[in-house]
Amino acid sequence: MNRKYYGQLIFELSRKGRRGSYVKREDLPGMPADALSAIPSQLLRKEPLGLPEVDEPTVVRHYTNMSTNNFGVDTGFYPLGSCTMKYNPKINEEVASMPGFRNIHPLQDDFSVQGCLRAYYTLQKLLCEIGGMAEFTLNPYAGAHGELTGLMVIRAYHDSRNDKKRNVVIVPDSAHGTNPASAAVAGLKVVEVKSLPDGTVDVDALAALLDDTVAAVMMTNPNTVGLFEHNIPRIAKMVHDAGALLYYDGANLNPMLGVARPGDMGFDVMHINLHKTFSTPHGGGGPGAGPVGVRAGLEEFLPNPRVIKSDDMLFCEFETVNETTSLGRVSSWLGNFCVELRALAYILTLGREGLMMAGKLATLNANYVKESLRDLYKLPIDRVCKHEFVFDGLVDKSTGVTTLDVAKRLLDHGYHAPTIYFPLLFHESLMIEPTETESRETLDGFIAVMRDIAREAVENPETVRNAPHDTPVRRPDDTAAALKPVVTYQQMIADDEK
Amino acid sequence: MYYFTETHEYVNVEGNVGYIGITEYAQNELGNVVYVDMPETGDDVIAGEDFGAVESVKAASDLISPVSGAVIEVNEHLIDNPRLINEDAMKNWIIKVELTNPEELGDLMSKEEYDTKFKI
Amino acid sequence: MSSQYFPHTPEDIAAMLERCGVGSLDDLYADVPASLRLKGDYDILPRMSEDEVRKFFKALAGENSQLTCFAGGGFYDHYAPAVIDYITSRSEFLTAYTPYQPEISQGTLQYIFEYQSMMASLTGLEVSNASMYDGTTALAEAMLMAVAHAKKRNRVLVSKTLNPIYRKVLYTYARYHGVIVDNIPEKDGVTDLVKMEKMLADGGVAAVILPTPNYFGILEDYTGVADTVHAAKALLIMTAPASALGAIKSPGEWGADIAAGEAQSLGMPLGFGGPYLGYLCCTKALMRKLPGRIVGATTDASGQRVFVLTLQAREQHIRRDKATSNICSNQGLMALYAAVYLSLTGPDGLREVNEISCEKAHYLAKRLEETGAMELKYPDKPFLNEFVMKWKLDTERFDNYALDNLGGIFPGLILDDNEIMICVTERRSLDELDAYIERVREIIDAPVANVEI
């Protein structure tokens, strides 16, 4: 434990002549000493490499010190809404680091990688059962990448029917920003549909937007306010009657585990965030994985390569089977394989019993926190929520304490902050998602602190406004960072010299 | 003579030349401006279409041109000092345009109309 | 309790339901129409004990063959020092999310800043983002970035000497985004630069994409290319395996505007295809068009130097459909792999990795030619550590050699009926090289019918 902010860059620890690793050099009979010098010099690097020169103990201490200024799920409660920060089981890490997986070159022949292909195939089938879909690809690398792939599936489907004028995607105004951004990358135009005051999609407004230019409607269910879109059967029928497909953004799948399946709700294409619902670690922003599922009839549009079973042997097929229909290729190989292994380990560990309970416990935890704080934090939509819910700041805003201040004050108490200022439907959004792996005592501790902060905001608002006080660093100057961006050490040095 | 859009741009017209910027109301909503994305001299702008954006730390607003024309100058002071917009949005225009269709001015709001609609 | 990961006792559940004012867990889902509810349980096996899970995966891993790797093709078997696993498995790094709260995320923010600095130096460019998913998607994002920058021009020229896997991903992104990809032909293993000039002259080109080394391992001479490309108002995008940039001329030195590619070679396991790490770097002039996260330096309220996510107004959560990309995350943990790897090797170590790989590759190529069974396909072209050999004997013997993993050797990637692409890294010992040559000699000497397949 070292609470002091370390603050040095590895470059600042560099001393000429130090090394943190060596490679064995062998005398190769009949070869000149330096093969690089035989390469024409105009093809070789001349600029010096701006890398640090440090010994191994320095590297280890540097990064270990830095890690102590970081907060993870293992450090403490992480109620970051929309991110499903559940516990990351340790057996998953062991599985992903088994030499029989990590030392496998992706281009080895199929016969020498049957175990890898079987893991991929098994997870595909399990996700089909959980999603209510006919087929899955595990190739997309992240949720956003899955969305993009899913929209490409939808475009490939319309193209196959020569239905070329469908170039519009409808997304709710409460959607994650990723939805419209993915649509734009996939070459589609975005039209927003309004939400009703109760937070769900305005079905009449949607009906008015549906015509023969609509390729897809993207929805999150439960939506970003944590509410189940109970009109979904009607919406699905309307979308299908208009000739469009219905896309399920799986960001909020967790509370649906053991309750209902997107396929049964009428969704045609979906993605799943393995790093949310299936417990793989977030790694400070990645790697994740974003498998995409499709209902029967859309399988042929999925990306290559794909894993196919034949006589109990598994094969990795690339472009031969479905060259004309497949959307093409979105990844170098079969996705983030070692992330897929972790998700598979999680599903096998939970098994049928665990999977049937996960969603319900996540929902219970969220409602428990909501009901315990609603007298002090403004609850704009008063309904039973699912895995998460949104407060619109404090009930008593008289002292001007904002959601940002509350979030920062939580850091002082050893909690990660909830998601703030999203969704955009409310000015002071504070979005809380506890997940099912938190105990009642943990939630009670959080509730008590949230109540203390609400009281402090009235009695001693300056303390909240200037928070955090007890973290390795204080609030950074974001404006200065954006006005004059300093994004490398080299630039920092050059600026200092000026 | 100033004309205004619903999307908070103004064009200050002098003869055949228009100075386009964002309104006081807009800069106030955005907060500290950290970057202005501007077109290049010689580019064409079209009324109702975006020609750039104004960014603050946690928001961004597209710039929608009030008029059509050719860009004859961009305000280079904004490259190093985008905060000029916060200091005086009405004086620190973003681009200078030679109008190709002055009749478009008829579709815009007068100062009185804009001020009534968007009171700070 | 239904799982070791769920803390809830029946008493907890009862008390919590009471606070929520509902009678049962199912009542929390009263708004889900009955017709949509699962009928019964999932058709999935009951839970496994941890020991069963471990055994299940050990058995699966046992179905794979761990081979002595002489294959590359974009995925490289370099040595990863033990420190990397040790640091990257620290849970403060592993179990954190994107560093939204900088006050408690300086660890992540600082190593990303270090990673950005290291990648900018390796590629010879000024700015790096906080990383992308992998090399193929990083290059696709570079293409979209160039097209967005070019505004009306939407044609991209891609050399046929670029790895076909990368080309396929580019085609996919281009097809849906409305970008026209034209292939620059290959001539004798290298990009036909005369054709490239003609294609540029046809106009409408936003960017030219060139590899170094190229797919066949050849270090192409791009002297003057950047000027030609820039004269046509197009951007030059280059891609290289990150590790090779320790020795070969960098994209920045060639005059490229954007460098994008795969950084798996910086200490990441092969892992059957991922997770890996895409890098994306550019000139300062293009910084605002760069997709993905970027970390910058600033000061905090007490005046000390700290790091934050910056330039966020480019990103999807603010710009939605006008964002530079839909990417939300970065490949944070893998960027830590690269940062720790490059800290350990330093400039001399990284150069040494390339020198030794290069020496051993040339040794193997020479010895294989000496067997009389093979020859270099491009004998007059310089290569770093990957090269294409042509088989001169009968096809049966080639198949026995190229398809044979029995000796525990992955001999290379088959490109054609009698062509194989071989890669040698610093990990391959002299003994392994000699064993490879020995195996080839056995195949040459054996009567065809007797060779085991």
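# Notebook: cavities, domains and a sheet in chain C

Entry 1. I am working from a predicted model. Rolling a probe the size of a water molecule over the atoms shows where empty space is left.

**Entry 2. The largest cavity.** I looked up its volume, which is about 320 Å³. Its lining is made of 26 residues. Nearest its centre I found C:Gly74, C:Tyr76, C:Pro213, C:Ala240 and C:Pro241. Next I asked what the lining is made of. I noted eleven nonpolar residues, 13 polar ones and two charged ones. Which helix gives the largest share of this lining? It is α12 of chain C, residues 332–370, with three residues.

**Entry 3. Domains of chain C.** Chain C is divided into domain 1 (10–48), domain 2 (68–76 + 346–450) and domain 3 (82–341). Domain 2 is written in two segments, 68–76 and 346–450. Why does the largest cavity lie between domain 2 and domain 3? Both of these chain C domains give residues to its lining, so the cavity lies between them. I also checked domain 1 against domain 3. Their C-alpha centres in chain C lie 46 Å apart.

**Entry 4. The second largest cavity.** I moved on to the next space, with a volume of about 80 Å³. I found 14 residues in its lining. A:Ala482, B:Val57, C:Thr310, C:Leu311 and C:Gln312 lie nearest its centre. These five names carry the chain letters A, B and C. Which elements supply at least two lining residues each? They are α15 (478–483) of chain A and β6 (50–56) of chain B. Helix α15(A) gives the most, with three residues. By type, I listed seven nonpolar, three polar and four charged residues in this lining.

**Entry 5. A sheet in chain C.** I then turned to strands. I found an open sheet of four, in the order β13-β14-β17-β16 of chain C, with antiparallel pairing. Strands β13 (374–376) and β16 (413–416) of chain C stand at the edges. Each has a single partner strand, so one side of each is left without a neighbour in the sheet. On average, neighbouring strands of this sheet are turned by 35 degrees against each other, direction ignored.

**Entry 6. Pairs within the sheet.** I took β14 and β17 of chain C next. Strand β14 covers residues 386–391 and strand β17 covers residues 419–423. They pair in the antiparallel sense over five bridges. Opposite C:Lys390 I found C:Glu419, in β17(C). How many bridges join β16(C) to β17(C)? I noted three, and these strands also run antiparallel. C:Ile414 has C:Ile420 in β17(C) as its bridge partner. Between β16(C) and β17(C) there are two residues, and the two strands form a hairpin.

**Entry 7. One residue, C:Glu396.** Last, I looked up a single glutamate. C:Glu396 is found in helix α13 of chain C, residues 395–402. How accessible is C:Glu396? Its relative accessible area is 45%. Buried means under 20% and exposed means over 50%. C:Glu396 is therefore partly exposed. I also took its distance to C:Cys20. These residues are 376 residues apart along the chain, and their C-alpha atoms are separated by 73 Å.

Notes
Residues numbered from 1 in each chain as written. Chains lettered and ligands numbered in written order. Predicted model: local features only at pLDDT ≥ 70, side-chain atom pairs only at ≥ 80, totals over all residues. Heavy atoms only, no water. 1 Å grid on protein atoms, 1.4 Å probe; cavity = no way out; pocket = protein on both sides within 12 Å on 5 of 7 lines; lining within 4 Å. Points joined across faces, edges and corners; volume = space filled by probe spheres on them. Nonpolar A, V, L, I, M, F, W, Y, C, P; charged D, E, K, R; others polar. Domains from an automatic or database assignment. Buried < 20%, exposed > 50% of the residue type's maximum accessible area, 1.4 Å probe, protein only. Pairing = 2+ DSSP bridges. Axes fitted to C-alpha atoms, helices over the stretch in contact; angles between N-to-C directions.
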